[in-house]
Amino acid sequence: MPRYKILNVKQLCLYAVISSSLFSCSISEPTKNTVQAEPIQPKNVLFVLVDDLGIKDLSIEGSNYYETPNIDALASKSVRFTQGYAASQVCSPSRASIITGKYVTNHGVTTWIGDKAGPEWRARNRNDSHDPALYQHFVSTDEVTIAEKFRKGGYDTFFAGKWHLGGEGSSPEDHGFNINVGGWDSGSPKGGYFSPYQNPKLEDGPVGESLTLRLAEETAAYIGRRKADKPFFAYLSFYAVHAPIQTSKTLWQKYRDKAEAQGLAEKHQRFKFDRRRAVRQIQDNPIFAGLVESMDTAVGIVLDELKATGLDNNTIVVFTSDNGGLSSGDGYGTASLPYRGGKGRQFEGGIRVPYYIYAPGMAANGSDVAIPVSGIDLYPTLLDLVGIATSVEHQLDGVSLKPLLAGEKIAERPLFWHFPHYGNQGGEPSSMIRQGDWKLIYYHEDQRVELYNLAKDIGEQSDLAKKQQLITTQLKAQLDAWLLATNAQFPTPNPEYDPTKRQALLERLEREVMPKMNKQHDQYLNNDYNPNNRWWGSEDQY
């Protein structure tokens, strides 16, 4: 049996009787506009999902290096949820939660599809103490996806970009989308970010064409040829900014020069080793910055089409990401400070994401809301906004955020995460609960817990589990109860585990690999940098 310490019945019930005053939190109410607009019933929905975009990868969220004017403008007129979370620290489970409205434990996709699990994990020679839990390798057709709800509600449905929720039998077309452009079982752009794409669901463009811009143009074209008598649900799911990190020479040069102007081009130590992997501490990668700008330009293409067709005042727009930024793996493109870690990790840098909702006519538009929300909430929110009813037999884990968009309140609730796997970026098998200002992390390897007060310690540096034992016990009991109720699967001990081999690996990663990474990233800022002599194919002009 998995070595997961469940508290006894008395402890499990403790949280029900502890005063809720323990969890009074400093979250703010929506900042309302001075002029209250009359809510209207929008019809169309544009859902924009970026891959691996961290909360600090946008200029509106504090980046002084990346330039994202189109997304900034959208965020400024939207309700900006400053404590927005992905439902998982990696892509497939988070994406499955968005389209099902459920926690990962309830749809069964708990890691990225294709990840090894069980005893097969040992083939990776990472010398880990546990075999990761088994998981569902596709979204079941028994699930009622958000696209199916919209289609049954009379909507035309469109998908473009990254899917990574199953192959044949579990593709976008199998889950409610009438049109699919580029969505298949791959989680990364197989041909890179410039045509030819090596994508069976996307016809190649002229050699050197940008994949990111192409997906935006396909989405804009779909909006432009819409049927006037039928509303649409368009889901633009970028492959950007997932690895491989690539850009054009022009954009590289722009951000290489900007790094120099900001004093970032000097050789320096940009990585810090945190537990099991290096973590980038500085935003100075001109290749990643160029990829971010291309994505922002692509968002602008679609938003401009909405405006040109006169649909901008009758279309809900959602913008978010599937997990935290690429600070500790997958190209190490960015830094997520002050948040700890990044994609794949259990810390805030792995799960905090941009989270913007623009619904025409809502009172809270143009304001910030500091109430914690999750990717599971987008499904019920969008249905509520367009007036599509949910059925009693179709249980969702998320809640509608429409009251917050209207300047009202929602009941305080805990949020949960479960990742019984090892992240490629240094993540550890763990489960988490966020309640008010408190966040508890339970580690499945050694059954320890960590407790952080996020209002006072956003960088998760001060573990308060021993100092705040009552809160720790209460949150652990809530987490236990949730894991049991949702039939969570757990990692199991690896009988071949050798702790000396694991320690040797970690020491090598810190002493040998991290310095080599730093030298490699220094080269990105050299004036004569020229990857494969053709900038990944972007120099092959079309």
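View 1. Glu-67 is partly exposed at 27% relative accessibility, whereas Lys-258 counts as buried at 19% (buried is under 20% relative accessible area, exposed over 50%, partly exposed in between; 1.4 Å probe, protein chains only). The model is predicted, so local features need pLDDT of at least 70 and side-chain atom pairs count only at pLDDT 80 or more, while totals for chains, interfaces and linings use all residues. Residues are numbered from 1 along each chain as its sequence is written, and side-chain values use heavy atoms, with hydrogens and water left out. The side chains of Lys-258 and Glu-67 form a salt bridge with an N to O distance of 2.9 Å (a side-chain nitrogen of Lys or Arg within 4 Å of a carboxyl oxygen of Asp or Glu). Lys-258 sits in helix α7 (residues 249-261) and Glu-67 in the loop between β1 (44-50) and α2 (69-77), so the contact ties together parts 191 residues apart in sequence. Helices (H or I, at least four residues) and strands (E, at least two) are DSSP runs, numbered from the N terminus. The structure holds 39 salt bridges.

**View 2. The salt bridge between Glu-428 and Arg-448.** The closest N and O atoms of Glu-428 and Arg-448 are 3.4 Å apart. Glu-428 belongs to the loop between β14 (415-419) and β15 (430-435), and Arg-448 to the loop between β16 (438-443) and β17 (449-453), so the pair ties together parts 20 residues apart in sequence. Glu-428 is buried, with a relative accessible area of 3%; Arg-448 is partly exposed at 27%.

**View 3. Arg-511 and Glu-507 in helix α13.** These two side chains, Arg-511 and Glu-507, meet in a salt bridge at 3.6 Å, N to O. Arg-511 is exposed, with a relative accessible area of 57%, and Glu-507 is partly exposed at 33%. Arg-511 and Glu-507 are four residues apart in the helix, which means a separation of about one helical turn. In one network, salt bridges with shared partners join Asp-128, Arg-275, Arg-276, Glu-428, Glu-445, Asp-446, Arg-448, Glu-450 and Arg-502.

**View 4. The largest cavity, with a volume of about 140 Å³.** Its lining includes Arg-126, Asp-128, Arg-276, Arg-277, Tyr-422 and Arg-502. Helix α13 (residues 499-523) gives the largest share of this lining, three residues. By class, the lining of the largest cavity has three nonpolar, three polar and five charged residues (nonpolar: Ala, Val, Leu, Ile, Met, Phe, Trp, Tyr, Cys and Pro; charged: Asp, Glu, Lys and Arg; polar: the others, Gly among them). The whole structure has three cavities of 30 Å³ or more. On a 1 Å grid over the protein atoms alone, a cavity is a set of points where a 1.4 Å probe fits but cannot get out, a pocket is an open set with protein on both sides within 12 Å along at least five of seven lines, and lining residues have an atom within 4 Å of a point. Points are joined across faces, edges and corners, and a volume is the space filled by probe spheres set on them.

**View 5. The largest pocket, with about 310 Å³ of space.** Of its 20 lining residues, Phe-194, Ser-210, Ser-248, Ser-294 and Ser-538 are the closest to the centre. The elements giving two or more residues to the lining of the largest pocket are α6 (211-224), α7 and α8 (286-308). The lining of the largest pocket divides into six nonpolar, 11 polar and three charged residues.
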